[in-house]
Amino acid sequence: MILLNDNRAIQILKKARRFVVLTGAGVSAESGIPTFRGEEGLWEKLSPEELASFEAFYNNTGIVSEWYQHRRDIIHNTEPNPGHFALTELQKLAPNFDLITQNVDGLHQRAGSRDVIELHGNIMENYCINCNLQYSQEEFDEIYRHNPNHIPHCYCGGLIRPNVVWFGEALPEKSIEKAYQASMQSDVFLSIGTSAQVSPASNLPRIAKQNNSYLIEINKTSTAISDIVDIHLEGLSGEILPMFVNDYRLLLNDK
Ligand code: BJW
Ligand code: ZN
């Protein structure tokens, strides 16, 4: 046992039936994808609050579209890291498991995780704000490449936007509903690599806790929820998660 030396934690993890994991940008940081907040999160001196809104897209379509295309390029050239793979492993070991992500990069799926609940959409999908026509990434790339101003237009003349959730927009109804249900019913809730500053995702660990779930946080610093968690494991998720899952496997064999 490398990480888990707390007797209460060991007893709870042994008995736990329902695991829920909430991930944020920190989980993909070790794959080389920048997080949102902090110095590294700034793009052209703009914060995510200034870029990730419909208003920003509408008024500065070129800059915002270029930011998304730049991030897609990064994602194309990255691979899931040991943290993503450890969660895929945990899904196989745990009696019941839900993975909720705020990430739009699809890396959990590429690592083999199944039934991932995406709260903020997926950056590789696009649609027209006028007629709702969906564009695959290949179709979008083609339109974007032939457009020197980086302002992608649909055949109908409408703007094409990424299928992500911006500030002030509602989250996909089925995803957030599933996430609330799973969190309420969880025995163990892991919050990993998220600053827990953006609602409604940041409500999920609190709701879990109110329903007597055991709250574990994995983060390289303390966050907005660190004061309510039962255990805070400080460090990189790509290093801590593989150790955590190994310890859990040992606990299961130890019954
Ligand atoms: C590591 C690590 C390593 C690093 N290992 N750890 C006041 C005014 C206006 C609005 C509001 C307000 N108060 C609340 C709101 C609501 C608003 C909100 O929460 N705003 C806050 C910023 C204040 N929320 C919304 O608007 C949401 N919608 C909504 O509420 O709708 C209401 C509604 C209902 C009905 C009808 C209509 C409306 C929508 C939120 C959408 C968020 N969208 C974004 C962009 C997605 C698209 C894109 O990718 O571009 O989602 S913003 C951005 O933040 C992105 C992320 O998913 C999200 C969360 O960020 P995350 O993942 O936590 O990343 P970071 O960077 O913050 O943190 C990284 C963490 O990792 C850090 O803690 C590091 O320490 C750690 N770390 N490396 C472990 N290796
Ligand atoms: Zn259209």
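Residues are numbered from 1 along each chain as its sequence is written, and chains are lettered from A and ligands numbered from 1 in the order in which they are written. Because the model is predicted, local features need pLDDT of at least 70 and side-chain atom pairs count only at pLDDT 80 or more, while totals for chains, interfaces and linings use all residues; side-chain values use heavy atoms, with hydrogens and water left out.

**Stop 1: the two domains**

Select 1–33, 80–120 and 171–255 and colour them as domain 1. Then select 42–77 and 126–164, which make up domain 2. These bounds come from an automatic or database domain assignment. The centres of domain 1 and domain 2, taken over C-alpha atoms, are 30 Å apart.

**Stop 2: where the domains touch**

How many salt bridges cross the interface of domain 1 and domain 2? The rule, a side-chain nitrogen of Lys or Arg within 4 Å of a carboxyl oxygen of Asp or Glu, finds 0.

**Stop 3: the sheet**

Now select strand S4, residues 121–128, strand S5, 134–135, and strand S6, 160–164. Strands are DSSP runs (E, at least two residues), numbered from the N terminus, and two strands pair if DSSP finds at least two bridges between them. The 3 strands form an open antiparallel sheet in the order S5-S4-S6. S5 and S6 stand at the edges with a single partner strand each, so one side of each has no neighbour in the sheet.

**Stop 4: Asn-126**

Click on Asn-126. Its bridge partner in S6 is Pro-162, and in S5 Tyr-135 stands opposite Asn-126. S4 pairs with S6 over 5 bridges and with S5 over 2 bridges.

**Stop 5: the turn**

Finally, follow the hairpin of S4 and S5, with 5 residues between the strands. Asn-132 in the turn has a positive phi of about 70°.

Notes
Helix = DSSP H or I, 4+ residues; strand = E, 2+ residues; numbered from the N terminus.
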